[in-house]
Amino acid sequence: MHNYHDQYSTFPPGFVRNEDGRPIHSWRVLILPYIESRNEDLKSIYEQYRFDEPWDGPQNSKLHRMIPDVYQCPSFQSNMSDDIRKHADELTNYMVVNAPHSIFPEDHPSSIRDITDGTSNTILVAEVRRHAGHWMEPEDVTTDQLISDLRLISPNDEGGHNGYIHVAFADGSVRTLESDVSSETLRILTTKHAGDVAEVP
């Protein structure tokens, strides 16, 4: 995310629309060239991706199962049965929050200068379990969906976490949020310039 920001002076938009207003490309595809990795597959995926067709177009559909390792929590599939795991191979756990006052207000990019609540107090990317989605699909979560996902995490979660999720803040730090963090605190942490700052539990 920060490498992309260094190049364009903004974070990527949450998604890119076509002429009809339909979301067709995800930020997860846009940042592929900027992920620091020795994995040549990332470069290969990006080079094969067609921006003249949607994410689920005929050519791009061939890339659906080529999910980069960095887009899935290592423990996500740890306790799944083989049948369920087959369907989880394309799912990502890492989502941005699409909301009017978040860093990703749909297709409008934000810069670090826009984050007046402080980069260490504003969520950039959140880990989800129940709301895991296709890694190439231009769809993420709302604030309410993130709250409900956090509430559903339990010590016996099939993903292996003990009642918490990982959250990356705009300053690059990664912290854990317990499942009992208040909804109000989580809402404040997802806003970039609301003028209210919550202490990160």
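Which residues do ring pairs link into a cluster? They are Tyr4, Tyr8 and Tyr34. Before looking at them, some ground rules are needed.

This is a predicted model, in which local features need pLDDT of at least 70 and side-chain atom pairs count only at pLDDT 80 or more, while totals for chains, interfaces and linings use all residues. Residues are numbered from 1 along each chain as its sequence is written, and side-chain values use heavy atoms, with hydrogens and water left out. The term pLDDT stands for the predictor's confidence in each residue, from 0 to 100. Its mean for the protein is 89, and 91% of the residues reach 70 or more. Helices (H or I, at least four residues) and strands (E, at least two) are DSSP runs, numbered from the N terminus. Confidence is highest in strand 2 (residues 23–26), at a mean of 98, and lowest in helix 4 (residues 82–88), at 67. Where pLDDT is low, the predicted coordinates should not be read in detail.

Now to the rings. Rings of Phe, Tyr and Trp (its six-membered ring) pair if their centres lie within 6.5 Å; planes under 30 degrees apart count as stacked, over 60 as edge-to-face and the rest as tilted. The whole structure holds seven aromatic pairs. One of them joins Tyr4 and Tyr34 edge-to-face, with 5.4 Å from centre to centre and 80° between the planes. Tyr4 belongs to helix 1 (residues 2–8) and Tyr34 to the loop between helix 2 and helix 3, so this pair ties together parts that are 30 residues apart in sequence. Tyr8 and Tyr34 also form an edge-to-face pair, at 6.2 Å centre to centre and 75° between the planes. Because Tyr8 lies in helix 1 and Tyr34 in the loop between helix 2 and helix 3, that pair connects parts 26 residues apart in sequence.

Is Tyr4 buried or exposed? Buried means under 20% relative accessible area, exposed over 50%, and partly exposed in between (1.4 Å probe, protein chains only). Tyr4 has 11% relative accessibility and therefore counts as buried. Tyr8, at 46%, counts as partly exposed.

The next feature is a sheet. Two strands pair if DSSP finds at least two bridges between them. Four strands form an open sheet in the order 4-5-7-8, with antiparallel pairing. Its edge strands, strand 4 (94–95) and strand 8 (174–178), each pair on one side only. Strand 4 and strand 5 (residues 123–127) are antiparallel and share two bridges: Tyr94 stands opposite Glu127, and Met95 has Ala126 as its bridge partner. On to strand 7: three bridges join strand 5 to this antiparallel strand, and Ile123 stands opposite Phe169. Five of the five residues of strand 5 are buried, so this strand is largely enclosed by the rest of the structure.

What does Met1 touch, leaving aside its neighbours within four places in sequence? Contact means heavy atoms within 4.5 Å. The partners of Met1 include Phe11, Trp27, Val96, Phe104 and Val125.

Helix 5 (residues 143–152) has Thr143, Leu146, Ile147, Asp149 and Leu150 buried. Seen down the helix axis, these residues fall within an arc of 160° and so line one face of helix 5; the arc is that of the directions from the helix axis to the C-beta atoms. An α-helix has 3.6 residues a turn, so residues three or four places apart point the same way. The cover over the buried residues of helix 5 includes strand 5, strand 7 (164–169), strand 8 and helix 6 (183–189). Gln145 is also in helix 5, but is partly exposed, with a relative accessible area of 29%. Beyond its neighbours within four places in sequence, Gln145 is in contact with His131 and Asp140.
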